[in-house]
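Thanks for coming. Please look at the sequence and the structure on the screen, and then I will go through them.

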Amino acid sequence: MNFAFTKEEEAFRQEILTFLKQELPPGWIGATYYEDELEQEELWELGRKFAPKLGQKGWLAMAWPKAYGGQERSHIEQTLFKEEMAYNRAPGVDFAGVGMCGPTLMMYGTPEQKKKFLTPIAKGEVFWCQGFSEPEAGSDLASLRTKAVDKGDHFLVNGQKVWTSGGHRAQWMFLLARTDPDASKHKGISFMLLDMKTPGVEVRPLMNIVGGHAFNETFFDNVRIPKENLVGKQNDGWTVATSLLNFERSGIERVASARRLLDEVIEFVRENKKRLTISRDIEVIKQKLAEMVIQLQVGRWMGYHVSYIQQKGDMPWSEAPISKVFGSELMQRVANVGMEILGPYAQLETGSKWATLGGRVSHMYQSSLGRTLGGGTSEIQRNLIATKGLGLPRS
Ligand SMILES: Cc1cc2nc3c(=O)[nH]c(=O)nc-3n(C[C@H](O)[C@H](O)[C@H](O)COP(=O)(O)OP(=O)(O)OC[C@H]3O[C@@H](n4cnc5c(N)ncnc54)[C@H](O)[C@@H]3O)c2cc1C
């Protein structure tokens, strides 16, 4: 069986690479993961200027219908784009908008919602955030308590969200709120869209493990959300949310980011092989690097496989969580191996002149810890693989 990309797909990959080389600043190294863009002002500004350029090329949402700013291109091509963006650490992708909200609106949005929201997402003109998790509702998301009371033409929303990535940057949020407190846990929840400038919305920073401000607490105090911003049926938000979470889990970006970091470590070993041969066991280093290369290749195929399933129009119910667990844990393994090989100087942080590879390995070592939590923890993904994939009982 031939798993190769078609000539057109390979040509498209080259087109992306040429564009990135032309458009990114000379000597571009970029940041190790997309959250850095939310944290660092300069990177954020660059990303917001870069996004409309990607939108103009029609690449941000290339698999979407032309009517909504897409190009009706294949999921495979979209995956190639995501992979090259992540590998080259290019900024400007709104993961919550393009990757989660857009596909969900395509499935459940009204014609008016599609018209209003999809094209600005595809053109890179707007930035979204996700308001799902709450202090008492993470893995058990259906325990959420944020209340949305039906007031006829609008909902009155009160409550709190937590870990809102990019909440301080976003113009819009998609959120889940309880609209029927008497219904059972998974029922009585609704999915709605919130303009972050609405009175009563307060965003407070939460600092992450690397000391950066990527996520937030978001508070709602009598926030009015117009009824026209309800997505799907009232009280049926759980159906909408579960589809969205599968879009969230299908990314190949994790493997591409890890592959880039490993390539930098390999290059460092090549350049410093004499020094490393004296100070450490080069045979052990070779074994560790080769093992990571094997795993990265496996992770890549998993990511491609998910897009193949999506291309057929199917939902990757168990394949997406498989890819999520493997890719997120692999980022940690690669960073771990990088730290072992590079030695104590790799522990220095970005900004130190002594930090090996500009502190990027240590940065990923710390920030990758969140990868096995965000978007659903590895344990929850394994539960999904067991129930949806293997047909085992829920509990
Ligand atoms: C980097 C990052 C970005 C994030 N961005 C966002 C965002 O933008 N918007 C948003 O809404 N949320 C966001 N989150 C929140 C994320 O979705 C939650 O952290 C995640 O769902 C886990 O919830 P929790 O933190 O409450 O942990 P808990 O649910 O309290 O879990 C604690 C531990 O118990 C385990 N556990 C819980 N239930 C089970 C079970 N049934 N079986 C086995 N083990 C179980 C978990 O795996 C975990 O190890 C983000 C998180 C991170 C780390």
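How many positive and negative side chains does the chain have, and how far apart do the centres of the two sets lie? There are 49 positive and 47 negative side chains, and the two centres lie 2 Å apart. Lys and Arg count as positive and Asp and Glu as negative, while His and the chain ends are not counted. Each charge is placed at NZ of Lys, CZ of Arg, CG of Asp or CD of Glu.

This is a predicted model, where local features need pLDDT of at least 70 and side-chain atom pairs pLDDT 80 or more, but totals for chains, interfaces and linings use all residues. Residues are numbered from 1 along each chain as its sequence is written, and side-chain values use heavy atoms, without hydrogens and water.

Now the overall fold. The chain has 13 helices and 8 strands, taken as DSSP runs numbered from the N terminus (helices H or I, at least four residues; strands E, at least two). Of the 395 residues, 52% are buried, meaning under 20% relative accessible area with a 1.4 Å probe, protein chains only. The C-alpha atoms fill a box of roughly 75 × 45 × 45 Å along the principal axes.

Next, strand β5, residues 189-195. In β5, 6 of the 7 residues are buried. Strand β4 (residues 172-178) runs antiparallel to β5, joined by 7 bridges; strands pair if DSSP finds at least two bridges between them.

Methods: Buried means under 20% relative accessible area, exposed over 50%, partly exposed in between (1.4 Å probe, protein chains only).
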